Amino acid sequence: MHNDSDDLIDLSALDPLRDRASFEACAARVAGHAMDARDRSRAAARAEASGIVIALMSLARPTVLAAGILVAIALSAVVRSTTPPSTSTVSAADAMGLPRRLTDILHSTAAPSLTELEVALAAAASP
Amino acid sequence: MSPDMALDRGTRAPDAALPEPSDARLIGAAKAGDRTAFEQLVQRHYRAAFAVGLARSGNRADAEDLVHDAFVRAAERLEHCRHPEKFAAWLCTIVRNLAHNLRTRGLAPRTTIIGPDMVASNESPERDAQLAELRDRLQVALGELPVIQREVVLLHDVDGRTHDEIAVIVGTSSGMCRQHLFKARKRLRALLAHADGANPLDA
C-alpha cells in the first residue's frame with residue numbers, strides 16, 4: 001500500500017492560512033459576522049415567541065368564556081340524558097281531572113246503576 | 001502543507017501547556033454568547049470548510065464566500081449541532097449544501113468581502129503574482145478530479161486532517177479515503193506535469 005507522504009504535492013499555495021496575520025483578521029471578522037447573525041436570529045425568535053404569547057393572552061378571556069358556556073351546555077345535556085325516566089304513569093283521565101269513580105265506571109264492563117252514576121257525577125261536579 | 005503553516009487544532013498540540021478546549025466546550029460557550037469561543041471554532045475549522053468549499057466551487061472567491069456563509073449559518077443554528085464532537089463534519093455539510101444551492105439555483109457568487117486574500121499580503125508583488133499563477137494552475141488541475149477526490153486531497157494535504165477525520169467529514173471509510181488520496185495525487189501529478197512539461201510543485 002502506498003504511503004501518505006509518497007507522491008506529496010505541495011498545495012500550500014491554496015492554503016487560506018498562508019498568511020497567518022491576514023487569516024486571523026479574517027477569522028475574527030467571520031466570527032463577528034456569525035455571532036451578530038446569531039444575536040439577530042435569537043432576538044427575532046424571542047420577538048416572535050412573545051408575539052405569540054400576547055396574541056394568546058388577548059384571546060384568553062373570550063375564549064375561556066366561550067369554553068365555559070360550551071361546557072355548561074354540554075354538562076346539562078349529559079345530566080339530562082343520564083337522569084332515569086320516571087316509573088309512574090299518569091292516565092289521560094287523571095290528566096284531564098276526571099274523578100276516579102267515574103273512570104272506574106268507564107273501565108268497568110258491568111253496567112253501572114243509576115245511584116253509582118249519580119255519585120260519580122256529583123263527585124265530578126264538586127270542585 | 002508546509003510545517004510552519006500547520007494550524008493547531010487543540011487535539012494536535014501535545015506540547016501545549018494547557019489543552020485546547022474541545023469543540024463541544026467551545027460550542028457550549030458560543031451558545032452562551034461567547035464570541036471568542038466561536039472565533040476559536042472559526043480558526044480551528046476554517047481550513048476544512050475552505051477545502052470543501054474550494055472542492056465544490058472550484059475557485060477561492062466562491063470558497064471564501066461559502067465558508068463565511070457556512071459559519072454564519074452554523075452560528076445561527078448551533079442548537080442544531082447534535083454531535084459537537086463532529087462539528088467539522090457538520091460545518092462541511094453546511095458548506096456542501098450552500099455550494100449545492102449556489103450551483104442549482106444559479107445564484108451569482110458575491111464579491112468576497114472578508115477572505116484572507118482580500119487583506120493586504122505581506123509578500124512582494126512579484127511573489128504575489130507567482131502565487132496567483134500557481135493557484136490558478138492548481139485550481140485548473142483540481143477541477144479535473146472528481147469532487148470526492150478534490151475534497152480528500154485538499155482536506156489531507158492543505159488542512160492536514162487524518163484519514164479517520166476525513167472519513168467522518170466526507171462520509172466514507174478511512175480505507176476509501178486513502179484510495180481517493182492516492183488517485184487524486186496521481187492524477188494531479190500527471191495533469192500538472194502535462195501542463196508544465198516538468199512539475200515544479202513536487203515537494
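A residue counts as buried if 20 or more other C-beta atoms lie within 10 Å of its own, as exposed if 12 or fewer do, and as partly exposed in between, with C-beta atoms placed from the backbone. This is a predicted model, in which local features need pLDDT of at least 70 and side-chain atom pairs count only at pLDDT 80 or more, while totals for chains, interfaces and linings use all residues. Residues are numbered from 1 along each chain as its sequence is written, and chains are lettered from A and ligands numbered from 1 in the order in which they are written.

**View 1. Chain A and chain B are built from helices, with zero strands in chain A and zero strands in chain B.**
Helices (H or I, at least four residues) and strands (E, at least two) are DSSP runs, numbered from the N terminus. Chain A has four helices, giving the pattern α-α-α-α along its sequence. Of its 127 residues, 12% count as buried. Chain B has eight helices and reads α-α-α-α-α-α-α-α; here 40% of the 203 residues are buried. Two residues are in contact if their C-beta atoms, placed from the backbone, lie within 7 Å. Among the contacts in chain B with a separation of 6 or more, 66% join residues 24 or more positions apart.

**View 2. Helix H2 (residues 35–57) of chain B packs against helix H4 (residues 87–104) of chain B.**
Axes are lines fitted to C-alpha atoms, for helices over the stretch in contact, and angles run from 0 to 180 degrees between N-to-C directions. For this pair the angle is about 35° and the axes are 9 Å apart. The crossing of H2(B) and H4(B) is right-handed; a crossing is called right-handed if the near helix is turned clockwise from the far one by less than a right angle, and left-handed if anticlockwise. On the H2(B) side, look for B:Leu41, B:His45, B:Ala48, B:Ala49, B:Val52, B:Gly53, B:Arg56 and B:Ser57. H4(B) contributes B:Phe87, B:Ala88, B:Leu91, B:Cys92, B:Val95, B:Arg96 and B:Ala99. Together the contact of H2(B) with H4(B) has ten nonpolar, three polar and two charged residues. In this scheme Ala, Val, Leu, Ile, Met, Phe, Trp, Tyr, Cys and Pro count as nonpolar, Asp, Glu, Lys and Arg as charged, and the others, Gly among them, as polar.

**View 3. Helix H4(B) is shown with its buried residues and the helices that cover them.**
The 18 residues of H4(B) reach 26 Å from first C-alpha to last, close to the 26 Å expected at 1.5 Å a residue. The expected span is 1.5 Å times one less than the number of residues in the helix. Buried residues of H4(B) include B:Trp90, B:Ile94, B:Leu98 and B:Leu102. What covers the buried residues includes helix H1 (23–31), H2, helix H3 (60–76) and helix H7 (163–170) of chain B.

**View 4. H2(B) also packs with H3(B), at an angle of about 135° and with axes 8 Å apart.**
The two helices are therefore oblique to each other; angles under 35 degrees count as roughly parallel, over 145 as roughly antiparallel, 65 to 115 as roughly perpendicular and the rest as oblique. Their crossing is right-handed. B:Phe38, B:Val42, B:Tyr46, B:Ala49, B:Phe50, B:Gly53, B:Leu54 and B:Ser57 of H2(B) meet B:Arg60, B:Asp62, B:Ala63, B:Leu66, B:Val67, B:Ala70, B:Phe71 and B:Ala75 of H3(B). By class, twelve of the residues in the contact of H2(B) with H3(B) are nonpolar, two polar and two charged. H3(B) is largely enclosed by the rest of the structure, because 14 of its 17 residues are buried.

**View 5. Helix H6 (residues 147–157) of chain B meets H7(B) at an angle of about 140°, with axes 10 Å apart.**
H6(B) and H7(B) are oblique to each other, and their crossing is right-handed. The H6(B) residues are B:Ile148, B:Glu151, B:Val152, B:Leu155 and B:His156, and those of H7(B) are B:Ile166, B:Ile169 and B:Val170. The contact of H6(B) with H7(B) comprises six nonpolar, one polar and one charged residues.

**View 6. B:Leu181 and B:Gly175 both sit in helix H8 of chain B.**
Helix H8 covers residues 174–196. B:Leu181 is buried because 21 other C-beta atoms lie within 10 Å. Leaving aside residues up to four places away in sequence, B:Leu181 touches B:Val152, B:Val153 and B:His156. The C-alpha atoms of B:Leu181 and B:Val152 are 6.0 Å apart, although 29 residues separate the two along the chain. B:Gly175 is exposed, with 11 other C-beta atoms within 10 Å. Its C-alpha atom lies 8.9 Å from that of B:Asp164, eleven residues away along the chain.
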